[in-house]
Amino acid sequence: MATMLKLFAVFGSILCVVLTTGVVETPHPRFEYKYSFKGPYLAQKDGTVPFWEYEGSAIASEEMVRITPSLRSKKGSIWTKDKTNFEWWEIEMIFRVNGRGRVGADGLALWYTDKREKEGPVFGSTDKWVGLGIFFDSFDNDGRGNNPYIMAMTNDGTKVYDHQSDGINQQLAGCLRDFRNKPFAVRTKIQYYRNILTVLFHNGNTNNDNDYEMCLRAENVFLPQYGYYGISAATGGLADDHDVLKFMTYSLHPPGTEPTPSGIADAEKEKFSKEYEQYKEKLDKQKEEFRKQHPDEAKKKQMEFDPEQEYESHQQRELRQIFQGQSQMFEMMKGVHRKLDEVIGREERVLSMLSAVQVGGAAGGGGGQGLPQGGVVGRHEVEAMLNNQREMVQASRDMKAYVVDIHQRTGNIIAAQKTGGGQVFEGHTVLNELKDGLNIVKRDLASVNAKTQANPCPPVQAVNCLTPVYFFIFMGVQLAVMIGYIMYKSNKEAQAKKFY
Ligand SMILES: [Ca+2]
Ligand SMILES: [Ca+2]
């Protein structure tokens, strides 16, 4: 019984792990217009931004909210009027940080806090906040050469942001990215879902919406359940324009809990779109009236506006051309990169197959039951094959050289034949002469032979001068003389020895 229970427990825990980690769920986003703003007609005629409040040096126009102008020691901010009513969310902010200097200051912060903050020392907002701050820190206070820097920092209302170190030891995480003076507006996407915070960044070198890259990811981030969104910025001795063009908030709903679109929301939407149309019409009418009433002033404004526009457009055109070229190059590089990845992938696959074959070979050799010996290709066999191949190549090269040599020689011979045909002919005549001479000699010999046969030689008379008897007598006399001489000589030598 106990073992059964244990088994169930193990099975249950495995199931839990699979459910919690194995499944990557994609939440359903819903656009939250009460926590968003974007152009055109971002600000209303009276300068207010619907559902938002701004203060300090911030100014809203039709196209954007300028949090600070590029003037010294400015602070500004803009905050949502209402607290959120959703737990998980994603923000996309499109903004610009532009300034004349190579170095700018101080930076821009995006906030999610439990209450709306006032003007303060942390990028234009109050310190010891409760919640999250994402800082786009332009100025390198600690002089480590690691700015502009993007970082996330949470606070429970006790921590004081350390400006002197750029908060490097207080951050959740961060990344070194340049966001100043970019050809296109830079973007950031901040997602807070199931206590995981991710910050993506788009460096504004292209106007491709999808060129986001990961800046940071932090797990186990606990923020207030509901809160206010804010953007603040500050300038110091150096100054940048901090402009926010778009701030889009989406609430994220886990699968199965997505809100059903209610009739009220649709009605509200319709009401707002109607209001918007009316407002647009009214604005156009008023513009027209203004032009009619003050033609001179309108012209003057046009005049003031145009040259700058012209000047700007000229520069912008040039820049755009450059950056279009650059973005094309970037796209091509991306293509090349993709191809390279493919190639590397293939190579890895081949390598893994090779190693599998080798492992199979080892297993086959060790166990004797793996792959049949004939089917395994060992390293030495491959090397032997390669060597054979090399030899074959060498042999074929040699053959080629021989063929070439032969070809040359035959060519030479043919050429020589063409030029020296006379010599060959002479040789032939010499040979023929020799042949003729030989034939004559042969004929003469034949005639001599015939004559000798016709007149044979007279028989030669044999003369016998020495008979065997005389021969033996002569031999006996010679022997006696020789023996007598030898005896006389030995006798003389014996006598000579007696004197010593
Ligand atoms: Ca700083
Ligand atoms: Ca720094």
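Helices (H or I, at least four residues) and strands (E, at least two) are taken as DSSP runs and numbered from the N terminus. The model is predicted, so that local features need pLDDT of at least 70 and side-chain atom pairs count only at pLDDT 80 or more, while totals for chains, interfaces and linings use all residues. Residues are numbered from 1 along each chain as its sequence is written, and chains are lettered from A and ligands numbered from 1 in the order in which they are written.

The span of residues 469-488 is 100% helix and 0% strand, and its end C-alpha atoms lie 29 Å apart. In an unreviewed UniProt entry, these residues carry the annotation "transmembrane region"; UniProt positions are given in the numbering used here, feature names are shortened, and annotations may be inferred rather than shown by experiment.

Across the protein there are six helices and 17 strands. Of its 500 residues, 19% are buried, where a residue is buried if 20 or more other C-beta atoms lie within 10 Å of its own, exposed if 12 or fewer, and partly exposed in between, with C-beta atoms placed from the backbone. Two residues are in contact if their C-beta atoms, placed from the backbone, lie within 7 Å. Among contacts with a separation of 6 or more, 64% are between residues 24 or more positions apart.

Seven strands make up an open sheet with antiparallel pairing, in the order S3-S6-S16-S8-S10-S11-S12; two strands pair if DSSP finds at least two bridges between them. Strands S3 (52-56) and S12 (173-176) are at the edges with a single partner strand each, so one side of each is left without a neighbour in the sheet. From one strand to the next, the twist averages 15°, with axes being lines fitted to C-alpha atoms (for helices over the stretch in contact) and angles running from 0 to 180 degrees between N-to-C directions. Strand S3 is joined to the antiparallel strand S6 (residues 75-80) by five bridges, and Glu55 has Ser77 in S6 as its bridge partner.

Strand S8 (residues 107-113) is largely enclosed by the rest of the structure, because seven of its seven residues are buried. On one side of S8 these are Gly107, Ala109, Trp111 and Thr113, and on the other Leu108, Leu110 and Tyr112. Seven bridges link S8 to strand S10 (residues 130-137) in an antiparallel arrangement, with Leu110 opposite Ile134. Strand S16 (residues 228-234) is also antiparallel to S8 and joined to it by seven bridges; here Gly107 stands opposite Ala234.

The largest nonpolar core has 53 residues, and Val65 and Leu108 have the most contacts inside it. Such a core is a set of buried Ala, Val, Leu, Ile, Met, Phe, Trp, Tyr and Cys residues joined through C-beta atoms within 7 Å. Beyond its neighbours within four places in sequence, Val65 is in contact with Leu42, Val49, Tyr54, Ala58, Ala60, Ile78 and Val244.

Two lysines were examined individually. Lys38 is in strand S2 (residues 37-38) and is partly exposed, with 16 other C-beta atoms within 10 Å. Residues up to four places away in sequence aside, Lys38 touches Lys246 and Met248. Its C-alpha atom is separated by 9.6 Å from that of Met93, 55 residues apart along the chain. Lys81, in the loop between S6 and S7, is likewise partly exposed, with 13 C-beta neighbours inside 10 Å.

A cis peptide bond with omega of about -5° joins Gly39 and Pro40, and Pro40 lies in the loop between S2 and S3. Another cis peptide bond, between Ala105 and Asp106, has omega of about -20°; Asp106 is in the loop between S7 and S8. Asn195, although not a glycine, has a positive phi of about 65° and is placed in the loop between strand S13 (186-193) and S14. Asn220, also not a glycine, has a positive phi of about 55°. This residue, Asn220, is found in the loop between strand S15 (213-218) and S16 and is exposed, with 8 other C-beta atoms within 10 Å.
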